[in-house]
Amino acid sequence: MESRLIRFWLLAFGSCLLVISCEQPREHIAAAINDRDSVSMMTTYGVNTLISDSGVIKYRIVTERWDVNTIKQPTRWTFERGIFLEQFDEKFQIEGYIFADTAWYYDQLKLWELRGRVRIRNANGLVFRSEELFWDGIKHEFYSHKYSRVVTPERELEGTYFRSDERMRHYEVTNSTGSFQSEDLEPEEEEPAKDKNATDTAKQEKPMRPAAVKHKSTTKSVYP
């Protein structure tokens, strides 16, 4: 009786070992993340390429990484590792360059968003610095809502709002402080006395709406 009982327990124990050995191992993993919005359609490293507009070469882009995402709305190009961009005129002469730590280009809106250390420079000595800059390719203008600094050989301007045409010929800085050369502050020569019987047409003109602070550069901008 005792030997039968021992054989029974041995068979039961052996059956348990057989069942355990036949079970397949299971991996404990989390569900796959499938966020298509975060996936770029194209990723390119070590980029140095020319970009044309209407068949004319307009820009050179140099960047360490370039991501193109057509899933996110609006669709965009992303330059998370910085960008250096040269701009050319119709004769393929360099008009200027732009540098930023991070940039996004919303291709459907033709809008650049530049962040970090944003720098613009041209051959006339104008240098722009800010932590933010937007470049509207439809309106052909730059603008920034953060502290910006504009330095030229004649003056230095600082302010919390900046707007300019994309060639930096005409620009304005509001809420600004600045320094100018002494000749900029010299009083104008007095005009010769007018005939008392003459009509003062200047006084008849309606006053223009004053701008907050506006500084214009009328020289042609050609970047180095």
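Figure 1. On a 1 Å grid over the protein atoms alone, a pocket is an open set of points with protein on both sides within 12 Å along at least five of seven lines, whereas a cavity is a set of points where a 1.4 Å probe fits but cannot get out, and lining residues have an atom within 4 Å of a point. Grid points are joined across faces, edges and corners, and a volume is the space filled by probe spheres set on the points. This is a predicted model, in which local features need pLDDT of at least 70 and side-chain atom pairs count only at pLDDT 80 or more, while totals for chains, interfaces and linings use all residues. Residues are numbered from 1 along each chain as its sequence is written, and side-chain values use heavy atoms, with hydrogens and water left out. The largest pocket has a volume of about 490 Å³. Its lining comprises 21 residues, of which Asp53, Lys58, Tyr59, Tyr105 and Gly137 are the closest to the centre. Two or more lining residues come from each of strand S1 (42-53), strand S2 (56-69) and S4, where strands (E, at least two residues) and helices (H or I, at least four) are DSSP runs numbered from the N terminus. Nine of the lining residues are nonpolar, four polar and eight charged; here Ala, Val, Leu, Ile, Met, Phe, Trp, Tyr, Cys and Pro count as nonpolar, Asp, Glu, Lys and Arg as charged, and the others, Gly among them, as polar.

**Figure 2. The largest cavity.** The whole structure holds one cavity of 30 Å³ or more, and the space in the largest cavity is about 40 Å³. Ile83, Leu85, Ile98, Trp112, Leu114 and Trp135 line this cavity, and by class they are six nonpolar residues, with no polar and no charged ones. Strand S4 (83-88) and strand S7 (111-121) each contribute at least two residues to the lining.

**Figure 3. The largest nonpolar core.** A nonpolar core is a set of buried Ala, Val, Leu, Ile, Met, Phe, Trp, Tyr and Cys residues joined through side-chain atoms within 4.5 Å, and buried means under 20% relative accessible area, exposed over 50%, and partly exposed in between (1.4 Å probe, protein chains only). Among the 27 residues of the largest core, Trp112 and Phe162 touch the most other members. Strand S7 gives the largest share of this core, namely four residues.

**Figure 4. Strand S12 and its partners.** Strand S12 (residues 161-165) runs antiparallel to strand S9 (residues 141-144), and four bridges join them; two strands pair if DSSP finds at least two bridges between them. Ser164 in S12 is the bridge partner of Phe142. Four bridges also link S12 with strand S13 (residues 170-174) in the antiparallel sense, with Phe162 opposite Val173. S12 and S13 form a hairpin with four residues between them, and Met168 in the turn has a positive phi of about 60°. Leaving aside residues up to four places away in sequence, Phe162 is in contact (heavy atoms within 4.5 Å) with several residues, including Phe128, Leu133, Tyr143 and Tyr171.

Figure 5. The peptide bond from Gln73 to Pro74 is cis, with omega near 0°, and Pro74 is placed in the loop between S2 and S3. Phe92, in the loop between S4 and S5, has a positive phi of about 65° although it is not a glycine, and Phe92 is partly exposed at a relative accessible area of 40%. His140, in the loop between S8 and S9, likewise has a positive phi, near 55°, and His140 is partly exposed at 43% relative accessible area.
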